[in-house]
Amino acid sequence: MQQSFEITGMHCGGCVNRVTRALKSVADEVAVTLEPPRAVLEVAAPLSLDTVRAAIARAGDFEVRLL
């Protein structure tokens, strides 16, 4: 199943790479884009917003919202 999240606070390709690496720890497949600031995750079971926030917190100061 796919889940989409808005990720604000990303400003460059380095941010996208950090967020992608962080999310790979909780999802099978990850696609992160800068425009629009979004992450699309392929997961076996739905992830909670708190799980995604915790994973991204290790990457930097980003805000996450479920789409």
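**Cut-offs and conclusions**

Student: Why is Cys12 called partly exposed?

Tutor: Cys12 has a relative accessibility of 36%. Buried means under 20% relative accessible area, exposed means over 50%, and partly exposed is what falls in between (1.4 Å probe, protein chains only). The 36% of Cys12 therefore counts as partly exposed. Bear in mind that this is a predicted model, where local features need pLDDT of at least 70 and side-chain atom pairs count only at pLDDT 80 or more, while totals for chains, interfaces and linings use all residues. Residues are numbered from 1 along each chain as its sequence is written, and side-chain values use heavy atoms, with hydrogens and water left out.

Student: Where does Cys12 lie?

Tutor: Cys12 belongs to the loop between β1 (2-8) and α1. Helices (H or I, at least four residues) and strands (E, at least two) are DSSP runs, numbered from the N terminus. From Cys12 to Ala22, ten residues along in sequence, the C-alpha distance is 16 Å.

Student: What makes Thr20 count as buried?

Tutor: Thr20 has 15% relative accessibility, so the buried class applies. Thr20 sits in helix α1 (residues 13-23). Leaving aside residues up to four places away in sequence, Thr20 touches Val30 and Val32, where contact means heavy atoms within 4.5 Å.

Student: Is Leu49 buried or partly exposed, and why?

Tutor: Leu49 comes out at 26% relative accessibility, so this residue counts as partly exposed. Leu49 is in helix α2 (residues 49-57). Again not counting residues up to four places away, Leu49 touches Phe5, Val64, Arg65 and Leu66. Val64 is 15 residues from Leu49 in sequence, with 7.8 Å between their C-alpha atoms.

Student: What makes the peptide bond from Glu35 to Pro36 cis?

Tutor: Its omega is near 0°. In general, most peptide bonds are trans. Pro36 is placed in the loop between β2 (29-33) and β3 (38-42).

Student: In which order do the elements run?

Tutor: Starting at the N terminus, the order is β-α-β-β-α-β, and the tally is two helices and four strands.

Student: How do you know that the protein is as compact as a globular protein of its length?

Tutor: The radius of gyration is taken over C-alpha atoms, and the globule rule is 2.2 Å times the number of residues to the power 0.38. For 67 residues the rule gives 11 Å, and the protein has 10 Å, which is close, so the protein is as compact as a globular protein of that length. Along the principal axes, the C-alpha atoms fill a box of roughly 30 × 20 × 20 Å.

Student: What share of the 67 residues is buried?

Tutor: Buried residues make up 34%. Among contacts with a separation of 6 or more, 58% come from residues 24 or more positions apart.
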